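Q: Hi! Could you walk me through this one while I have it open in my viewer?

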Amino acid sequence: MKFLLGVQNHVERVQLQKVWMYEEYGPKEVLKLEDFPIPCPQHDQLLVQVKAAALNPIDFKFRQRPIVPLDFPVVPGCDMAGIMVGKGDSASRFEIVDEVYGNIQNFTKDKIKQLGTLAEFIVVEEELVARKPKNVSFEEAASLPVALQTAIEGFKTVGYKKGQSVFIVDGAGGVGSLVIQLAKQLYGASFVTATTSTTKVEFVKSLGADNVVDYTQTRYEDIKEKYDLVYDTIGDSKNSYVVGRWPRKKHQ
């Protein structure tokens, strides 16, 4: 294993780090700040000093009830950005002190990692992270992975085609704000409409939406245009389906 000069001595001497963790399912009050062992990278893993971490709805859902098997205690968090300070013997994609970011949880497996990103140091398989762009801050990078993966997955799932119109439910949210930008800049949408509240209309316009609907003032039934894709980011499809180009029976 290779380490940044001084980090190995620190890990071997201190051995513990501060983390946010929980030892039982429950509300946010089960979270507590505790000591936790600093991990050692194995094989294709990287040891990353976390500079910024982000939480997503899936993190508090895991904490609230047994969705997947958990090995308590659990340190929550999927998303992070930081500096690689150590790596396993077979890790080869990155060099010591590279700045990386990503979702450290592999959702294709049946369990999540016990050590999530609300920690000072984490280990992650090198295939799950990417090099952080120089013009993106640690905080900005940490906010992207799960939300961006979710946004892209939606387009892939429906087989989206260039030139189709898109209606986005909640364009100001973490996923919705990325869907707007992907639709306009990557997928070639012909026209993008997004909903939001009154105070966020200008923000959603700045993301590239061609039209913004203030949901506090306008009902779905009052929208005359029909769209090829209704991208529902908040679970309101039983109401928002009316702006799609398909009959209700087909949608259901």
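**Helix packing and a few backbone details**

A: Happy to. To start with H4, this helix has 14 residues and reaches 21 Å from its first C-alpha to its last, close to the 20 Å expected at 1.5 Å a residue. Bear in mind that this is a predicted model.

Q: Good to know. How many helices and strands does the protein have?
A: There are eight helices and 12 strands. The C-alpha trace spans about 65 × 40 × 35 Å along its principal axes, and 46% of the 252 residues count as buried.

Q: And what share of the contacts joins residues at least 24 apart?
A: That would be 69%, counted among contacts between residues at least 6 apart in sequence.

Q: Back to H4. At what angle do H4 and H5 pack?
A: The angle is about 55 degrees, and the axes are 9 Å apart. H4 covers residues 145-158 and H5 covers residues 174-185. Angles under 35 degrees count as roughly parallel and 65 to 115 as roughly perpendicular, so H4 and H5 are oblique to each other.

Q: Is that crossing left-handed or right-handed?
A: Right-handed, as H4 passes H5.

Q: Which residues meet there?
A: From H4 you have Ala147, Leu148, Thr150, Ala151, Ile152 and Phe155. On the H5 side they meet Gly174, Val175, Leu178, Val179, Leu182 and Ala183. By type, the residues of this contact split into 10 nonpolar, two polar and no charged.

Q: Nice. Which residues of H4 are buried?
A: Pro145, Val146, Ala147, Ala151, Gly154 and Phe155. The buried residues of H4 pack against strands S5, S6 and S12 as well as helices H3 and H5.

Q: What about the backbone just after H4?
A: Gly159 sits there with a positive phi of about 65 degrees.

Q: Now H5. How many residues does H5 have?
A: H5 has 12, reaching 17 Å from first C-alpha to last, close to the expected 16 Å. Its buried residues are Gly176, Ser177, Leu178, Val179, Ile180, Leu182 and Ala183.

Q: And what do the buried residues of H5 pack against?
A: Their partners are H4, H6, S9, S10 and S12.

Q: Since S10 came up: is Thr196 buried or exposed?
A: Thr196, which lies in S10, counts as buried because its relative accessibility is 1%. Leaving aside neighbours within four places in sequence, Thr196 is in contact with Ala172, Val201, Val204, Val212, Val213, Asp214 and Tyr215.

Q: Which residues other than glycine have a positive phi?
A: Among them are His43, with phi near 50 degrees, and Val97, with phi near 75 degrees. His43 lies in the loop between strands S3 and S4, while Val97 is in the loop between S5 and S6.

Q: How exposed are His43 and Val97?
A: His43 counts as exposed, at 59% relative accessibility. Val97 is partly exposed, with a relative accessible area of 46%.

Conventions:
Residues are numbered from 1 along each chain as its sequence is written. This is a predicted model: local features need pLDDT of at least 70, side-chain atom pairs count only at pLDDT 80 or more; totals for chains, interfaces and linings use all residues. Side-chain values use heavy atoms; hydrogens and water are left out. Axes are lines fitted to C-alpha atoms, for helices over the stretch in contact, and angles run from 0 to 180 degrees between N-to-C directions. Helices (H or I, at least four residues) and strands (E, at least two) are DSSP runs, numbered from the N terminus. Angles under 35 degrees count as roughly parallel, over 145 as roughly antiparallel, 65 to 115 as roughly perpendicular and the rest as oblique. A crossing is left-handed if the near helix is turned anticlockwise from the far one by less than a right angle, and right-handed if clockwise. Contact means heavy atoms within 4.5 Å. Ala, Val, Leu, Ile, Met, Phe, Trp, Tyr, Cys and Pro count as nonpolar, Asp, Glu, Lys and Arg as charged, and the others, Gly among them, as polar. The expected span of a helix is 1.5 Å times one less than its number of residues. Buried means under 20% relative accessible area, exposed over 50%, partly exposed in between (1.4 Å probe, protein chains only).
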